[in-house]
Amino acid sequence: MPSPYSAARRFTVAFTFAPASDRLPLTELTIARPDDWHVHLRDGAALPHTCADVARCFARAIVMPNLNPPVVTVAHAAAYRERILTAMHRLSLRFEPLMTLYLTDATTAAEIQLAASADFVHAVKLYPAGATTNSSAGVARLERIFPALAAMEAADLPLLIHGEVTDQDIDIFDRERVFIDRHLAPMIQRFPRLRIVLEHITTREAVAFVRSAGERVAATITAHHLLLNRNDMLAGGIRPHYYCLPIVKRRAHQQALLEAATSGHPRFFLGTDSAPHRTGNKETRCGCAGVYTAHAAIELYAEVFEAAGALHRLEDFAARFGADFYRLPHANGRITLRRQRWQVAERLPLGDDFLTPLRAGETVAWQVVAAHA
Ligand code: DOR
Ligand code: ZN
């Protein structure tokens, strides 16, 4: 039987769109080199592995500062950046790490001004204390960071938010929605020019908030929140490798994210939140939050966009909208994805241990076959 793809069509977003009459599936897709606007690289022996996966296809990545201890000063960020660059130099790989600082109750306006004047720091991250991995040094009382937020607003340095309340009385599935009502809505009133990225959104309320908040509020959307809902995680057995924060929600929320990501709206863009944890720390009595997707990130988004009939919108979502929001030039280069199924390894190295990536032992429908700087 002939392959359904035997009449191969090549597809370059820049100049070819599928004619309505031609229903053959695309076999190849070339897009501008994408960026990842939210990734966890960790440190030390993990860096060669996480960096290699990012460099595979992304030109730049916003590097999360939730190390232990966290990246709270510009000096820490500079040293961390050097470690990342050294790891990549040893591997002869390249991507540009865009560094961030970790807000604490003690972050000073002076440190923010220093960050704004450092060309390698691109944003500051707010973790509510206790909200997620390595967030215990995060912000306990939002009022305490108002001077830092005012300095960020004055310097036009974006604020990245893990948008969940930590109140134990609030149901874990409601924590994002409550954060938006209680904290984010008042914050955008108090700081009317502060640019904000609501990270890894998971709810229809977050989508609606970003749509209504105007030019200065954007959101990243992960591949795993587009691919999964809470049934995937919990029905018929519990799947610890789907556990992340904010937790995946019910299907209606997943649907709202799918619509936002594939809508062509410029304030929704790619941020994988790829977060490596040792397999033993996830398959345990109290497992860590985080899904690892860097090994197949753009491919997983391609699957999602294809299923939504929106492959022609992948390039803007992955390679343009984020850079525009961060006021950076679009990256140089292109990548080519081919529709060819490949099997993800059961485990991937992580320092001297291993992690279980998304789709471990299963297949992914697209594969990056070329990346040009
Ligand atoms: O699932 C998550 N993992 N969510 C976060 O916010 C942090 C991340 C991590 O660092 O592991
Ligand atoms: Zn994250």
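Predicted model: local features only at pLDDT ≥ 70, side-chain atom pairs only at ≥ 80, totals over all residues.
Leaving aside neighbours within four places in sequence, Val207 is in contact with Ile201, Ala256, Leu257, Ala260 and Phe268. Contact here means heavy atoms within 4.5 Å. Val207 sits in helix α6. At 7% relative accessibility, Val207 counts as buried. Buried means under 20% relative accessible area, exposed means over 50%, and partly exposed lies in between, using a 1.4 Å probe and protein chains only.

Residues are numbered from 1 along each chain as its sequence is written, chains are lettered from A and ligands numbered from 1 in the order in which they are written, and side-chain values use heavy atoms, leaving out hydrogens and water.

Helices and strands come from DSSP runs, numbered from the N terminus: helices are H or I with at least four residues, strands are E with at least two. Start with helix α9, residues 251-261. Its buried residues are His253, Gln254, Ala256, Leu257, Leu258, Ala260 and Ala261. They pack against α6 (204-212), β9, α7 (223-227), β10, α11 (297-307) and α12.

Two strands pair if DSSP finds at least two bridges between them. Axes are lines fitted to C-alpha atoms, for helices over the stretch in contact, and angles run from 0 to 180 degrees between N-to-C directions.

Strand β3 runs parallel to β4 (residues 60-63), and 2 bridges join them. Asp36 stands opposite Ala61 in β4. Val39 has Val63 in β4 as its bridge partner.

Strands β4 and β5 pair in the parallel sense over 4 bridges. Ala61 stands opposite Pro97 in β5. In strand β5 (residues 96-102), 6 of the 7 residues are buried, so the strand is largely enclosed by the rest of the structure.

What coordinates the zinc ion (ligand 2)? His38 (NE2), His40 (NE2) and Asp273 (OD) do, at 2.0 Å. Donors are N, O and S atoms within 2.8 Å of the metal (3.2 Å for Na, K and Ca), and sites may look incomplete because water is not among the atoms. The donor residues are spaced H-x1-H-x232-D in sequence. His38 and His40 are buried. Asp273 lies in the loop between β10 and α10 (279-282). At 7% relative accessibility, Asp273 counts as buried. Its phi is positive, about 55°, although Asp273 is not a glycine.

Asn134 also has a positive phi, near 50°, in a residue other than glycine. Asn134 is in the loop between β6 and α4 (146-155). Is Asn134 buried or partly exposed? With a relative accessible area of 31%, Asn134 is partly exposed.

A cis bond joins Asn68 and Pro69, with omega about 5°. Pro69 is in the loop between β4 and α2. The bond from Leu245 to Pro246 is cis, with omega near -5°. Pro246 is in the loop between α8 (230-234) and α9.

Finish with a helix pair. The axes of α1 (residues 47-55) and α2 (residues 74-91) come within 9 Å and cross at roughly 75°. That makes α1 roughly perpendicular to α2.

How values were computed: Parallel < 35°, antiparallel > 145°, perpendicular 65-115°, else oblique.
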